[in-house]
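Hi,

Here is the structure I said I'd pass on.

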Amino acid sequence: MSNETVRGDAFENLLREERQFAPSQEFAAVANVHEEIYAEANADRVAFWAEQARKHLTWSKDFTQTLDWSNPPFAKWFVGGEVNAAYNALDRHVEAGLGDRVAIHFEGEPGDTETITYADLTERVKRAANAFEALGVAKGDRVAVYLPMIPEAVVTMLACARIGAIHSVVFGGFSAEALRSRIDDAEAKLVVTADGTFRRGKPSPLKPAVDEALSESGHTVEHVVVVERNKQDVAWTEGRDLRWSEVMDSASPEHTAVGHDAEHPLYILYTSGTTGRPKGILHTTGGYLTQCAFTHSAVFDLKPETDVYWCTADIGWVTGHSYVTYGPLVNGATQVIYEGTPDSPHQGRWWEIVQKYKVSILYTAPTAIRTMMKWGSDIPAQYDLSSIRVLGSVGEPINPEAWMWYRGAIGGNTAPIVDTWWQTETGAIMVAPLPGVTATKPGSAQVPLPGIAVDVVDEAGNSVPNGHGGFLVVREPWPSMLRTIWGDPERFKDTYWSRFEGTYFAGDGAKKDDDGDIWLLGRVDDVMNVSGHRLSTTEIESALVSHPWVAEAAVVGAADETTGQAVVAFVILRGEADLPTGEDATDAIVQTLRTHVGHEIGPIAKPRHILVVPELPKTRSGKIMRRLLKDVAEGRDPGDATTLADPTVMQKIAEDLRN
């Protein structure tokens with residue numbers, strides 16, 4: 001592939017965004033960071049991170065070297081320093097007289113609630129640390145965590161961090177087979193799970209998957225601790241299985257946290273893949289905590305004394321690690337944790353929670369935002385959302401029109417939106433506007449954060465000029481970077497550092513607009529070749545969602561004998577849209593949308609097929625499974641869909657396409 005191919009056609013023709021929203025003078029005047037921070041970081045990037053480490057964390061032993069990059073790509077940050085993640089998230093706030101501050105407002109799906117102060121949470125974590133040690137868990141041992149979004153999940157993670165055990169959280173929607181492969185790869189000694197959770201008003205089991213995962217011999221698990229959440233009857237293995245309440249009640253509430261080396265492993269988090277050995281991303285302690293705390297404070301403009309923060313991510317994903325468990329608590333924030341789904345028991349559930357707790361910072365995914373758009377603006381309009389002052393987006397590129405809806409319907413046309421780009425591998429936010437500094441642009445993550453060296457390069461690794469696209473890379477090490485793939489350093493080098501010498505390749509395509517702002521285009525695998533023209537699926541999806549009829553879109557490239565690949569689009573229409581009627585309504589909708597894409601991007605981007613669907617195939621974390629859509633578009637059986645939030649969606653789509 002030539003440089004011109006990567007930079008050409010679609011990348012130069014991407015949607016141009018003229019709308020900009022500067023921060024208000026009132027917001028900027030009291031913002032946590034100001035424009036000068038970029039110059040300070042650029043003057044000495046390593047010294048900048050040393051300053052953030054000492055500002056945001058309490059070190060039990062100060063570090064003697066900020067960065068050791070003598071053996072790339074294996075970095076060591078804050079060398080010689082010792083720090084305890086749980087002490088920084090808990091004890092120090094209590095010691096500072098903040099024990100009565102609410103750490104967590106927990107909202108269960110059935111409507112049960114719990115208010116947990118920093119003093120409460122500290123005691124629970126101390127008990128859990130003692131309990132785990134009594135079960136033989138020692139520093140360096142691995143603990144698998146298979147829990148719903150309940151306070152015990154945060155307690156378990158922090159208890160592991162306190163004693164130096166390495167937690168490996170597995171998303172509760174994953175199968176027994178996926179759980180077993182992760183337990184085996186990490187050689188976990190303990191599993192912490194629950195009998196189950198609640199999903200759309202019904203009990204949903206969890207422990208049976210653990211039992212199935214451990215049904216064959218050869219694993220390293222000695223004990224399973226079970227939180228009794230939904231009180232369903234579950235199978236019980238005497239000697240192995242223990243009740244959470246019993247082991248915690250018998251544990252001492254006194255536990256002294258000791259510092260761990262800055263490079264001591266904090267957690268393994270497996271990136272989801274359908275084939276091959278799971279890929280365990282390893283994060284260590286000092287650098288990870290530093291960047292989580294700094295970014296949480298700077299990107300969300302957190303005021304811990306007054307803000308109520310809510311990140312809707314599950315702890316099974318990296319966003320739940322960095323911006324539920326670690327960043328907010330290290331910063332002394334008050335946050336909301338919600339167990340359930342956005343539409344249970346009704347489609348206003350999230351906004352009811354925002355109103356109830358006066359949430360001021362909301363961080364969620366574009367998938368959720370587009371779903372809310374589909375349901376209609378009249379639902380959030382029924383609630384008082386005036387407490388919201390900052391909105392965040394995470395997980396995938398956000399379409400400009402979804403961005404605008406989010407700003408208007410949820411943010412009252414005043415709350416700045418921080419569109420954040422980062423990955424499991426990066427550990428913390430890398431690219432995002434700063435809400436008191438940046439004039440935000442709908443759909444663009446815009447600028448690397450202070451101290452972060454992100455670039456867009458061509459096939460040869462050269463920076464592309466403004467107005468061109470290519471590959472997103474990170475040119476310099478950063479504190480929260482993954483240190484390796486658990487047990488496989490060669491795979492770490494081959495996967496992330498071999499494409500461009502000495503440079504981290506994120507696997508994403510991106511473009512710089514005429515102002516130099518960064519636009520994410522999704523995985524480079526999501527770039528189609530149509531008659532020699534390279535088209536981004538994200539670009540076409542954005543064009544479709546920019547039409548007032550469309551709430552959500554997914555685009556794939558299907559094999560085509562004539563053009564190489566053809567564009568196939570799946571769209572969900574807005575519930576409140578003024579749509580054509582009559583027997584030819586669907587044809588009219590399809591033709592209108594094809595014409596719209598042609599107008600926005602060019603005739604080459606017009607989808608060959610547009611299928612109007614009621615839902616899209618999404619995992620339980622909300623990611624669209626485009627691979628399954630591609631199978632259907634190319635006439636293949638999409639196969640096993642049990643990992644989807646609604647396994648019947650693919651059957652409906654396949655039937656519609658055949659008709």
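First, the ground rules. This is a predicted model, where local features need pLDDT of at least 70 and side-chain atom pairs count only at pLDDT 80 or more, while totals for chains, interfaces and linings use all residues. Residues are numbered from 1 along each chain as its sequence is written, and side-chain values use heavy atoms, with hydrogens and water left out.

Salt bridges

Side chains of opposite charge can pair when their charged atoms come close. The structure has 39 salt bridges (a side-chain nitrogen of Lys or Arg within 4 Å of a carboxyl oxygen of Asp or Glu). Here are a few of them.

Arg 162 pairs with Asp 91, with 2.8 Å between the closest N and O atoms. Arg 162 sits in helix 8 (residues 151–163) and Asp 91 in helix 6 (residues 85–95), so this pair ties together parts 71 residues apart in sequence. Helices (H or I, at least four residues) and strands (E, at least two) are DSSP runs, numbered from the N terminus. Arg 162 is buried at 1% relative accessibility, and Asp 91 is buried too, at 7%. For the cut-offs, buried is under 20% relative accessible area, exposed is over 50%, and partly exposed is in between (1.4 Å probe, protein chains only).

Asp 513 and Lys 441 make another salt bridge, at 2.7 Å between the closest N and O atoms. This one joins two loops 72 residues apart: Asp 513 is between strand 24 (504–512) and strand 25 (518–523), and Lys 441 is between strand 20 (417–419) and strand 21 (454–457). Both Asp 513 and Lys 441 are buried.

Then there's Asp 343 with Arg 200, 3.3 Å from N to O. Again loops are involved, 143 residues apart: the one between strand 17 (334–338) and helix 14 (349–357) holds Asp 343, and the one between strand 9 (196–199) and strand 10 (202–205) holds Arg 200. Here the residues are partly exposed, Asp 343 at 25% and Arg 200 at 43%.

There is also a salt-bridge network made up of Glu 107, Arg 349, Glu 352 and Lys 356. Arg 349 is among the buried residues of helix 14, which include Trp 350 and Trp 351.

Helix packing

Helix 7 (residues 118–134) and helix 8 have axes that come within 8 Å and cross at roughly 65°. Axes are lines fitted to C-alpha atoms, for helices over the stretch in contact, and angles run from 0 to 180 degrees between N-to-C directions.

On the helix 18 side, the contact uses Ile 540, Ala 543 and Leu 544, against Leu 593, His 596, Val 597 and Glu 600 of helix 19. By class, that contact has 5 nonpolar, 1 polar and 1 charged residues.

Cheers

Methods
Contact means heavy atoms within 4.5 Å. Ala, Val, Leu, Ile, Met, Phe, Trp, Tyr, Cys and Pro count as nonpolar, Asp, Glu, Lys and Arg as charged, and the others, Gly among them, as polar.
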